[in-house]
Amino acid sequence: MTKTATPQSSGGDVRLHGISKTYGSFTAVHPLDLTVPAGSFFALLGASGCGKTTTLRMIAGLEDPTTGTVELSGQDVTALPPYKRQVNTVFQNYALFPHLDIYENVAFGLRRRGIKSVKKQVEEMLDLVQLGPMARRKPQQLSGGQQQRVAVARALINHPQVLLLDEPLGALDLKLRRQMQLELKRIQTEVGITFVHVTHDQEEAMTMADTVAVMNGGRVEQLGAPADLYENPATTFVANFLGTSNLIEAEVVEAGGEELLLKAGDAKLRLPAARCSASARTGEKVLAGVRPEKVALKHGDDAGSITEGHNRLPGRIKDASFIGVSTQYVVEVPGLGGELAVYEQNIERDGRLVPGAGIVLHWSPAHTFGLDAAQDIQAGADLDEEAA
């Protein structure tokens, strides 16, 4: 495949200093500081109304910040109109010109700037998005994913320092959306331009982004690499919004070493002290968290074969759902006042693990994380499927 001649690492960094946005008495974005490194793929992730799109629009110049400044490649652009900023935006609806073919849609920005010889640049860009053979088709003759790639090509041909993507995959079906996640990441890697991507889809953010900022209520709840956010959530919102977490109310009964000993109902659990973001003195409450795929089930008759030193909780299967690659269990645990989720791969299924069966949940203490028990244990749990 012919690659574009756009140089690697041609993106600019984005620095937001104390920017906020209020509409009357409503604060859409509380004052925040954020740095997007040049050449990176950065995602603003959150549910509807969290402030992510407003933040993107302030970077683009489509919204004026109430306070603070926006810098692109070291230049303060806060007062500049959108067309004077080295950014381009791709929206969910793509906004392609229906009367122009794909070639002319991509060439539009160059022609508007008075550039006469556009053939080489347009062909390179169409090759980048793998649409060269479709250059003379109209937008309505393309699939949703192909139209989305045209929109990306039309934006990139102007060589912006930053490409802003506002829910660009939201209109696509699940299978196509997953294909386009990989396509967008490939394109970003090849051109080296800074991508700032707004999405409500956790899988989308974690698949593509180098860094994710999880937003909630107009603030950045946590910022980091996708794997770090998933494995080490700092708040209950992040733990629940990024996938599913089992959060167990517990009391610290021993502290001071590399592991904390917790009491949860009638059970004792161990938690690495380094993975506890809360104060963890003896007698204090914490939330012990573990992801469903880290937990295994043993039928009660086989409890003696559980690995020594594992955390364990006795329970009863309430529900079991076979979903192909795994079976998802809902387990009732006496004394905890709630239900726990377990996702087990369907490798060697135990036919005894059916609703009503007595079981023992077990997992390595290393897979446990600890959070401040003063937080809402359900925060973010009802937002994980919400569309923005």
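Which residue lies over the face of Y230, and at what distance from the ring centre? R291 takes that place, at 3.9 Å from the ring centre of Y230. A charge is said to sit over a ring if NZ of Lys or CZ of Arg is within 6 Å of the ring centre and within 35 degrees of the ring normal. R136 also lies over a ring face, that of Y103, at 4.3 Å from the ring centre.

This is a predicted model, in which local features need pLDDT of at least 70 and side-chain atom pairs count only at pLDDT 80 or more, while totals for chains, interfaces and linings use all residues. Residues are numbered from 1 along each chain as its sequence is written, and side-chain values use heavy atoms, with hydrogens and water left out.

**Aromatic pairs**

A pair of aromatic rings is described by the distance of the centres and the angle of the planes. Rings of Phe, Tyr and Trp (its six-membered ring) pair if their centres lie within 6.5 Å, and planes under 30 degrees apart count as stacked, over 60 as edge-to-face and the rest as tilted. By this rule there are three aromatic pairs, and the table gives two of them.

| Pair | Distance of centres | Angle of planes | Class |
|---|---|---|---|
| F41 and F195 | 5.3 Å | 50 degrees | tilted |
| F97 and F108 | 4.6 Å | 50 degrees | tilted |

The pair of F41 and F195 links distant parts of the chain, since F41 belongs to strand β3 (residues 41-45) and F195 to strand β8 (residues 194-199), 154 residues apart. Helices (H or I, at least four residues) and strands (E, at least two) are DSSP runs, numbered from the N terminus. F41 is buried, with a relative accessible area of 0%, and F195 is buried at 0% relative accessibility; buried means under 20% relative accessible area, exposed over 50%, and partly exposed in between (1.4 Å probe, protein chains only).

F97 lies in the loop between β6 (87-90) and α2 (102-112) and F108 lies in helix α2, so their pair ties together parts that are 11 residues apart in sequence. F97 is partly exposed at 26%, and F108 is partly exposed at 32%.

**Backbone angles**

Most residues other than glycine have a negative phi. S73, although not a glycine, has a positive phi of about 50 degrees; this residue is in the loop between β4 (67-72) and β5 (75-76) and is partly exposed at 38% relative accessibility. Q130, which is not a glycine either, has a positive phi of about 60 degrees. Q130 is found in the loop between α3 (119-128) and α4 (144-156), and its relative accessibility of 39% counts as partly exposed.
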